[in-house]
Amino acid sequence: MAIFVHYLFIILISTVISVVSFLLHRSRRLRSLRLPPGNLGLPFIGETLQLISAYKTENPEPFIDERVKRYGSVFTTHIFGEPTVFSADPETNRFILQNEGRLFESSYPGSISNLLGKHSLLLMKGNLHKRMHSLTMSSVSYSIIKDQLLVDIDRLIRINLDSWTDRVLLMEEAKKITFELTIKQLMGIDPGEWSESLRKQYVLVIEGFFTIPLPLISITYRRAIKARRKVAEELGKIVRERREGYERGERKSDMLGGLLGHEGISNEEIVDFMVALLVAGYETTSTIMTLAVKFLTQTPLSLAQLKEEYEEIREKKSEWEALEWRDYKSMSFTHCVINETLRVANIISGVFRRTITDVNIKGYTIPKDWKVFASFRAVHLDHDHFEDARTFNPWRWQVQKKNIFYVFAWNEFGQNVQGTSCSGNFYTPFGGGPRLCPGYELARVEISVFLHHLVTQFSWVPAEEDKLVFFPTTRTQKRYPINLQRRC
């Protein structure tokens, strides 16, 4: 027994010495690198548990606020298994976004990369990404939305709302709407049993995004991989049929038709590409729809003003007449509501990038192959950039009593792609640089049409209290149940 205790004591002492040596070595190395100040936390785990714990609440801001107060707006941490430089600084965020491909490259957790596929737009790099990003943006340009997509957006939203009962889970219904819209825009397919079956598989795929990417350990990830194979099989059938038709001279104006018209793109690449676009169109837009309704419900004055705006539009139209482009452009307060929902909710809280060379930022050096995180959320909710920043206030987007709205997002040339320039670069809900979200205008149109028909057709109250959480994704815990009453 004494020998056992002796050996146990030796092992304990050795472990303590090893941990202390590791921490001292790491500390000396960090000082020699001139990294931003910060704390790498526990060995291997870092500060991941603190971050996850904060983002599983309605108020995750203390995780960022405490570190910004102690270290400054650019600090070093260790999250999700890697040392990471975290930026809550708008200028640094812009620098990161604009230097995609030169100093930084896109980097996502293995679970997301595996489930989206190696040919997804999120993971493409260099000229291939530039070409496919351009193709995507041209497929959802202003003219395409105005002349081709708006009529189907209006029609499909009306059909869905007509089927609602007096109680719905709003987030579920919004997801159904956005999935059907995305399927229609990508492949020209109207909703039915096939699209609903595919959507159920997508739910399983998305659940696997923030899991350990080891099928033997994570049941959720294993289920997601299986669902991803089913999704790829179903989309592959459509792509093969459409390619055969294309080779016979059949042409369609949807996005799949555009992909088939580009030489050198295989069926497998098209499937991966479509998998990622379905996720983007389905998950994020539906969440913005839901949270816009939640925030409007909590601020009755904003809901009343929105209703007035829509009544003015309806007075000029017959009961079942579809919305037109000029109606959308006239929804000035709607744009304010969407801007503020994007700012407060931060559906995309930020982006991960990896350095491809040593990078100098604000007098610090970030070593090659380190992760960086540009936090949009930290900037959007900073009181130095927005007055009373953590309060939903759509009127902040109105200037001098004129119905002017702003959307700040940069293209690859550093140019503001919509709205009025902003010297502080404080508002970036759609990212920027070469990876600017290509569907930003389409999302705004879909949300606007949805809000218009919801507000003009229904009144509602929350069915029960539902909290907002931010991990693994931004959502309400109970999918936002509401009781509805149809307007006469």
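Predicted model: local features only at pLDDT ≥ 70, side-chain atom pairs only at ≥ 80, totals over all residues.

Me: Okay, how many helices and strands does the protein have?
Reply: There are 17 helices and 12 strands.

Me: And what percentage of its residues count as buried?
Reply: Of the 488 residues, 51% count as buried.

Me: Let's look at a sheet. In what order do β4, β9 and β12 sit?
Reply: The order is β4-β12-β9, in an open sheet with antiparallel pairing.

Me: How many bridges link β4 and β12?
Reply: Three bridges, in the antiparallel sense, with β12 covering residues 481–486. Leu169 stands opposite Pro481 in β12.

Me: Which helix lies across β4 and β12?
Reply: That's α8, residues 170–187, which runs at about 70° to β4.

Me: What about α8 and α7, at what angle do they cross?
Reply: Roughly 145°, and their axes come within 10 Å; α7 is residues 142–162. The crossing is right-handed. Residues making the contact include Leu149, Ile153 and Leu156 of α7, and Ile177, Leu181 and Lys184 of α8.

Me: New topic: how many residues are in the largest nonpolar core?
Reply: It has 113 residues, and Trp164, Tyr202, Leu235 and Phe450 have the most contacts inside it. Helix α12 (residues 267–298) gives the largest share, 17 residues. In general, nonpolar side chains of soluble globular proteins tend to be buried together.

Me: What does Trp164 touch, leaving aside its neighbours within four places in sequence?
Reply: Its contacts include Leu170, Ile177, Phe450, Phe458 and Leu484. Ile177 also belongs to the α7 and α8 contact.

Me: Which residues are in the second, separate core?
Reply: Leu35, Val74, Val85 and Val351 are among its 14 residues.

Me: Last one: is α17 largely enclosed or left open?
Reply: 17 of its 18 residues are buried, so the rest of the structure largely encloses α17.

Me: And what should its length be?
Reply: At 1.5 Å a residue, the 18 residues of α17 (residues 440–457) should span 26 Å, and this agrees with the 26 Å between its end C-alpha atoms.

How values were computed. Residues numbered from 1 in each chain as written. Heavy atoms only, no water. Pairing = 2+ DSSP bridges. Helix = DSSP H or I, 4+ residues; strand = E, 2+ residues; numbered from the N terminus. Contact = heavy atoms within 4.5 Å. Axes fitted to C-alpha atoms, helices over the stretch in contact; angles between N-to-C directions. Core = buried A, V, L, I, M, F, W, Y, C linked by side-chain atoms within 4.5 Å. Buried < 20%, exposed > 50% of the residue type's maximum accessible area, 1.4 Å probe, protein only. Expected span 1.5 Å × (residues − 1). Left-handed = near helix turned anticlockwise from the far one by under 90°.
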